[in-house]
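Student: I'd like to learn how to read a few features of a protein model. Can we go through them one at a time?

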Amino acid sequence: MGKLDFLKEELQALRDSGLYATMRTIQSAQGAWLVVDDVEVLNLCSNNYLGLANSPKLKERVRENMNRFGIGATGARLISGTNILHIELEQTLARFKRTQDSLLFSSGWDANIGTIPALVEQGDTVISDELNHGSVIEACRLSRGQRIVYPHRDINGLKEALEKGKDARRRLIVTDGVFSLDGDLAPLPEIVELADEYDAIVMVDDAHGEGVLGDHGRGIVDHFGLHGRVDIEMGTMSKAFGVIGGYIAGSKELIDYLRQRARTSLLASAPTLIDVAACIAAVEILEESDELVGKLWDNARYFKDGMRSLGFDIGHSETPIVPVMLGDAKVAQDFERRLFEGGVFAHAIVYPMVPIGEARIRLMVSAVHKREDLDFALTVFEKIGRETGVCAS
Ligand SMILES: *Cc1c(COP(=O)(O)O)cnc(C)c1O
């Protein structure tokens, strides 16, 4: 018996219950259409909201900066020094988010797990929406404070949690801005009101809000007109910005403190210089024009209307995220397979990413889809919906 033989059984159990996820191989550049496992398919599952992942402007900026600076940053910034590009990106992001400063991390995941434990210590309380992203949940677990989870978007539940945490030294409320698997929004104006009442710090994870919500895609704080009232904004460069990296935006003191104390910044090597150069170009594109954001929303509205008319249950999304609710994990995986055979690339999202019994296909509409691409997808969905009896119309 090998020591890791139990993994065979675990893997078999995942396969038996329809929870084993397979990974497809992409053989082309990112865009509306992809070559996946040797076939051309319509891409409806990337986070490339604005099509920036393969943008000529980003590629040009990478080439210029690679020639000047090379690739690796070669160490943690407080130990090996920081490149001027890191600083330029942080200033660009602060300008874009309308905050005093920002701090870069290697990923959004790193930003969350570096920040929350740095701020929530023994004697403090962190209060978190039950559907927050896994990185937020993980970050809360890593903190030494008391953790309270409140029901999804439930303001009364949040109030109860704040009551429970009333005697803590500090309270931090953390919520996703856009919930990534449902596409609904956090009730941020109400959260901010309650936070003031209970003297709680507010942190919002804006991973799916940037490039999507607000003026020029500045994110959920801008969308609700709450500049100055949300203490900590976390973001990622891996979604609408089309690159990789994460950041925290906020006050000078917050950023200064995190630079000293967030372990995923302090002890981790800095992002590569070519990634950072690409990120700067991506933010600049958004600052210059909101054309892509407009296209994204036009496409999202058109496609969601189409899916609703076909009779699909697409949940309560308020954003370009389109969850096609299917319930059973095996039904969702069968649906995924049929979609691929029909020329549409989209993934079944099953437990543990969503609760058991709430499996779905999550579709991501982007600014690079053409009307005829979306019509093609609707035709494929209509056919499979009928074949599988998921929607009767
Ligand atoms: C994707 C995502 C993250 C993680 O960001 P990465 O940059 O991909 O590590 C964090 N929070 C939310 C809500 C996300 O959707």
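Student: How do the residues of the lining of the second largest pocket divide into nonpolar, polar and charged?

Tutor: The classes first: Ala, Val, Leu, Ile, Met, Phe, Trp, Tyr, Cys and Pro count as nonpolar, Asp, Glu, Lys and Arg as charged, and the others, Gly among them, as polar. Here the lining has seven nonpolar, four polar and four charged residues. A pocket is an open set of points on a 1 Å grid over the protein atoms alone, where a 1.4 Å probe fits, with protein on both sides within 12 Å along at least five of seven lines; lining residues have an atom within 4 Å of a point. Keep in mind that this is a predicted model: local features need pLDDT of at least 70, side-chain atom pairs count only at pLDDT 80 or more, and totals for chains, interfaces and linings use all residues. Residues are numbered from 1 along each chain as its sequence is written, and side-chain values use heavy atoms, with hydrogens and water left out.

Student: How much space lies in the second largest pocket, and which residues are closest to its centre?

Tutor: A volume is the space filled by probe spheres set on the grid points, which are joined across faces, edges and corners. For this pocket that gives about 340 Å³. Of its 15 lining residues, Pro117, Ala118, Arg144, Arg261 and Arg263 are the closest to the centre.

Student: Which elements give two or more residues to that lining?

Tutor: Elements are DSSP runs numbered from the N terminus: helices are H or I with at least four residues, strands E with at least two. The contributors are α5 (108-119), α10 (252-261) and α11 (263-266), and α5 has the largest share, four residues.

Student: Which backbone angle stands out at Arg98?

Tutor: Arg98 has a positive phi of about 60° although it isn't a glycine. You'll find Arg98 in the loop between α4 (84-97) and β3 (101-105). For accessibility, buried means under 20% relative accessible area, exposed over 50%, partly exposed in between (1.4 Å probe, protein chains only). Arg98 is at 47%, so it counts as partly exposed. Arg153 also shows a positive phi of about 60° without being a glycine; its loop runs between β5 (146-150) and α7 (155-164), and at 35% Arg153 is partly exposed.

Student: What kind of peptide bond joins Tyr351 and Pro352?

Tutor: A cis one, with omega about 5°. Pro352 sits in the loop between β12 (347-349) and β13 (359-364).

Student: And how many of the 393 residues, in percent, count as buried?

Tutor: That's 52%.
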